[in-house]
Amino acid sequence: MMGLKRHKNGISSFFIDDKYHVHRHILLQVVILAISVSIFFDAPDKLNISLNRFYGWISYFLFLNMLVYVNTYVLFPRFLAKNKVFAYIISVVLFTIFALFLIVILQELFYDIAVTHQQPSGIAIFLSIASSMCTIFLFLGGISTLLLFKQWIISNRNINNLQIATFQSELSFLKSQINPHFLFNMINNANIMVDEDPKMASHILDKLDDMLQYQFNDSIQDNVSLKADITFLSDFLDLEKVRRDYFEYTVDIEGSIDGVEVPPLLFIPFVENAVKHNLDTNRSYVHLIFRMKNGCLFFECENSKPVKPVKRDAGGLGLTNIKRRLDLLFKNNYVLDVAETETTYTVKLELNL
């Protein structure tokens with residue numbers, strides 16, 4: 001059965017699921033730790049682990065955390081998440097200036113981590129400030145990009161869940177439209193036979209009991225076995241045969257249908273329609289064929305037409321519903337053909353299971 005499926009992806013789940021909240025923060029701290037430990041190296045091969053450098057690393061580590069968490073829990077949700085882009089840019093600029101002052105203070109406190117012990121030139125100061133601002137902007141931009149990506153995943157998941165809920169609601173509605181229609185016909189048939197033949201009426205009610213159990217128990221599932229659905233159709237046609245003297249039906253199964261599952265009550269509208277429109281005082285029939293081949297289920301329902309033409313309810317509720325159900329369940333993975341001659345009416349349905 002084709003249809004919408006709940007979106008399950010390990011990466012997206014890690015980004016948004018609450019159960020990974022702690023894991024995300026641990027990973028973030030590992031990344032910040034990896035960035036901040038570079039402060040212990042004066043050169044790629046020269047490690048400096050003095051006490052002053054250690055204090056410098058602590059302050060740098062906390063400084064990076066401040067950039068991340070202020071942006072994550074204050075600036076982003078207050079401005080960018082609400083599409084207040086201009087306000088977000090202004091707040092980031094102000095926050096960056098504040099961060100630069102903080103860097104200067106930290107460098108004064110931990111002089112050992114300063115780039116040079118000599119008095120820098122004006123150009124060097126300008127380049128240092130510009131470089132630091134760009135670094136902070138890029139750092140905040142990277143964090144914001146991840147937050148936007150997370151928001152995009154949440155939005156997609158919400159849309160997907162909404163589509164699934166709509167899809168299931170519509171299917172339930174369509175199924176509920178079929179049940180009362182069918183039940184009314186069956187109870188009416190049993191009511192007629194009570195007066196004419198009580199024993200036969202009892203047989204009808206037994207059959208009807210089996211069919212009702214199928215409807216109330218199995219048909220509420222997403223899928224049922226094809227065998228159970230065929231049994232249901234056979235019971236329906238058997239009841240119709242009891243009610244009508246010149247009615248015949250056949251149900252042929254070609255290929256193995258063991259383990260084949262289909263949505264419940266998928267074929268009954270076709271069969272109901274066939275029975276409804278072949279009423280005749282002479283011989284009338286309904287022939288059903290189920291053929292399983294290469295993962296495809298071929299269903300054919302052919303019924304005789306009465307000698308005296310009867311206006312056919314081609315756009316009836318049952319057929320309209322079943323076409324909508326087919327669209328929802330199988331999308332483009334089905335083919336439905338209807339052929340009509342002077343004596344027969346044939347429905348052919350091919351399902352790619």
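Which residue in the turn of the S6 and S7 hairpin has a positive phi? I looked it up and found Asn 294, at about 50°, with two residues between the strands.

**Ground rules.** I am working from a predicted model, in which local features need pLDDT of at least 70 and side-chain atom pairs count only at pLDDT 80 or more, while totals for chains, interfaces and linings use all residues. Residues are numbered from 1 along each chain as its sequence is written, and side-chain values use heavy atoms, with hydrogens and water left out.

**Strands.** I took helices (H or I, at least four residues) and strands (E, at least two) as DSSP runs, numbered from the N terminus. Strands pair if DSSP finds at least two bridges between them. S6 and S7 pair antiparallel over eight bridges. In that pairing I noted Met 292, whose bridge partner in S7 is Leu 297. S7 is also joined to S9, again antiparallel, by nine bridges. Cys 301 stands opposite Val 347 in S9.

**Cores.** I next looked up the nonpolar cores, meaning sets of buried Ala, Val, Leu, Ile, Met, Phe, Trp, Tyr and Cys residues joined through side-chain atoms within 4.5 Å. Buried means under 20% relative accessible area, exposed over 50%, and partly exposed in between, with a 1.4 Å probe and protein chains only. The largest core has 39 residues, and those touching the most other members are Leu 226, Phe 267, Leu 288, Phe 290, Phe 299 and Leu 351. Elements that each supply at least two residues include helix H6 (198-218), helix H8 (268-276), strand S6 (284-293), strand S7 (296-304) and strand S9 (344-352). H7 gives the largest share, seven residues. A second, separate core of 25 residues includes Leu 67, Leu 75, Tyr 88 and Phe 110.

I then followed Leu 288. Leaving aside neighbours within four places in sequence, its contacts (heavy atoms within 4.5 Å) include Leu 233, Leu 237, Val 271, Phe 299 and Cys 301.

**Helix H7.** I checked the span of H7: 18 residues reach 26 Å from first C-alpha to last, close to the 26 Å expected at 1.5 Å a residue. The expected span is 1.5 Å times one less than the number of residues. Its buried residues include Leu 226, Ile 230, Leu 233 and Leu 237, and also Asp 229 and Asp 235.

**Positive phi.** Asn 83 has a phi of about 60° although it is not a glycine. It lies in the loop between helix H3 (51-78) and helix H4 (85-109), and is exposed at 68% relative accessible area. Leu 265, also not a glycine, has a positive phi near 60°. It sits in the loop between strand S5 (261-262) and H8, but at 0% relative accessibility Leu 265 is buried.

**Aromatic rings.** Rings of Phe, Tyr and Trp (its six-membered ring) pair if their centres lie within 6.5 Å; planes under 30 degrees apart count as stacked, over 60 as edge-to-face and the rest as tilted. I have 14 pairs by this rule. Phe 15 and Phe 149 are edge-to-face, because their centres are 5.2 Å apart and their planes at 85°. Phe 15 is in helix H1 and Phe 149 in helix H5, 134 residues apart. Phe 15 is partly exposed at 21%, and Phe 149 is partly exposed at 35%. Phe 149 also stacks with Trp 152, at 5.9 Å between centres and 20° between planes. Both lie in H5, three residues apart, about one turn of the helix. Last, I noted a cluster linked by ring pairs: Phe 40, Phe 54, Tyr 55, Trp 57 and Phe 61.
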